[in-house]
Amino acid sequence: MSVEEQFAKLCLESAAAEGATPVKSLVFKPKTAKSATPVPIVVVALQTTATPSPLIAQATKTKDPRLARDDLFKSAFNCETAKSFTVAYLNGVAASSFQLLIDSQLESVADDAVLQLNETLCIKKGELTKFLAQFEPVTADFTQEVKKPEQQQKKKPAQQQTNNASLEDAKLIGITVDKTKDFPGWYQQVLTKGEMLDYYDVSGCYILRPPSYAIWENIQRWFDDKIKGLGVQNAYFPMFVSSRVLEKEKDHVEGFAPEVAWVTRAGSSELEEPIAIRPTSETVMYPYYAKWIQSYRDLPLKLNQWNSVVRWEFKHPQPFLRTREFLWQEGHTVFLTKEEAEEEVLQILDFYSGVYEELLAVPVIKGRKTEKEKFAGGDFTTTCEGYIPQTGRGIQGATSHHLGQNFSKMFNLTVENPQGPQYPKVFAWQNSWGLSTRVIGVMVMIHSDNKGLVIPPRVSQTQAVVIPVGITKKTSDEQRKIIHESARDIESRLKKIGVRAFGDYNDNYTPGWKFSQYELKGVPIRLELGPRDIEQNHVTVVRRSDSQKYNVKLDELETRIPEILEEMQKDLFEKAKEKFDTHRVIVNEWKDFVPNLNKKNILLSPWCGVMECEEDIKESSAKKDDGEELEVDEKSPSMGAKSLCIPFAQPELKKDQKCIKCDRPAIQYCMFGRSY
Ligand SMILES: [Zn+2]
């Protein structure tokens, strides 16, 4: 009997997985002398718990533990790969040969709650606790802040400074984690302290607070105008889908099935038939399209809805980027001809790249998805792909799909032939396209810094904050009044020309405190007005993105402020574009592929277009780091490269150019990268 089979006796049927709490089992290897045999550390934690290495070191009294490689899994637990490891492999292993660390947050889970260990293994929490008890586990509190080890700090202050992610002079209200050293920790702080978002008690769901919702509204307004210009109308369809309808298109439902959330009960009674919550609305809408479209004169039909969808993912959730419920728009259009449909796919893609480049100052690459990565059930998918410099990973921005006639055939979406009734009926040509609140996460990751959020002026809820300065105890009431009145006047003049301005006249806080607050929140510019500014008839303007200062004459306020905002918008884009451009490299030979990935690059490589080859590239590029220290990233110890897209703008292919990976001839350049 295999280890998994033995363990499976303890486990429940996988059918119980619905609603189970995902739990991860990680293995770390502490630093030891070269000659010593390392004692592995097994960490069992809620999927949602971050398990930073310093806290593991603290709890196990070891040095610098890192995620283990496959060879350690093999030698210590007889498990082939890190990926396949679960606590089931501990069965029969001597307690003395490893250290077991359990996430204290598991204690709050009820004993009869079901935990999900991997895709197939589930176990009741009580059973797991009993099983793990034999290995003398230690409980670790991962909710505490990562602290500097004090002894080391005294011994090697210089080294500590470079290793520790905490920011030296960060005040408590500000960001205390360095973007370059602990990116996930920094991202969480920037979002919560900047008041963009809050965590919620259902894992994978987040609250969008007014500043982020305002960004979404600005995007909505811009995009809504664009699609209405193409004749698209907004509508709303219900969020519930019957299983009969959801499962109508086979390829399509297969793509979504594992993530569909189901309603099975109302009050205390079980529903006769479970009802799904839409993961997307193709199958919700098209039966009604079939009913409404009778003649080719009813075409084109172009509807869009601004709504939310639910995809119950078990992967590590990340605010904005991977959430179980998210806001988006989904457009669903129907045409008489393929040509019209294909033309629209690209028009929409241009709008999407416009949202990124013109509103969010985020550069993207437009292209087409490979067969492996395209939308399930569609003919082809176009996409705009972004790049996160800090992690070197690509990120899918938004997709516009041509569905061909696949769905119209399933849903019998036909019209009479325009050539006459004696000709066969025509199946309609369809598109669907979506852009989600993910865009906000990408924007934050790219522009924001150790002082907090940096928000491009065009989408920011507040574009300018006016702050009176230079008021001291010696300032007379008369002077104070003049400063406040002038500041209010500036605020109202800005509002009059459409600048989203706000004045902070609260005397209980110092200007310095206010500066940090608005930097944290990412307000694009602040206007400081003090006695000296008033004397010289100007106002001091400071840009959030780079602290650049300007003196703006008061009578030029209406022209200069919009200019400064636009300059900042442009500079943010240029800066991000330069980073993306320098990290997008052409690689023609396989030997250069992984080294370039490890330099946080996105790669353009000649490729044969064959799906198996793409899978081979992904596998061969994973787990190939040569250094002793793997990147500490619980979610993907060293993930392989996925195809991001086949860019529309292609480098010229050399004659007889071979595929980067196999012996087949290359047919195009494909963009590969580690990705979100
Ligand atoms: Zn190939």
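Reader: Two strands pair if DSSP finds at least two bridges between them. How many bridges join strand 22 to strand 23?

Author: Strand 22 (residues 464–468) and strand 23 are joined by 3 bridges and run parallel. Ala464 has Ala501 in strand 23 as its bridge partner. Strands (E, at least two residues) and helices (H or I, at least four) are DSSP runs, numbered from the N terminus. Residue numbers start from 1 along each chain as its sequence is written. The model is predicted: local features need pLDDT of at least 70, side-chain atom pairs count only at pLDDT 80 or more, and totals for chains, interfaces and linings use all residues.

Reader: Which strands form the open sheet, and in what order?

Author: The order is 23-22-24-25-26, with mixed pairing. Strand 23 (501–503) and strand 26 (549–553) each have a single partner strand, so one side of each has no neighbour in the sheet.

Reader: New topic. Which residues have the most contacts inside the largest nonpolar core?

Author: Val439 and Ala464 are among them, in a core of 119 residues. Such a core is a set of buried Ala, Val, Leu, Ile, Met, Phe, Trp, Tyr and Cys residues joined through C-beta atoms within 7 Å. Buried means 20 or more other C-beta atoms within 10 Å of a residue's own, with C-beta atoms placed from the backbone.

Reader: And strand 30, buried or exposed?

Author: Mostly covered: 5 of the 6 residues in strand 30 (668–673) are buried. Strand 28 (residues 602–607) runs antiparallel to strand 30, with 5 bridges. Trp607 stands opposite Gln668.

Notes: Buried ≥ 20, exposed ≤ 12 C-beta atoms within 10 Å, placed from the backbone.
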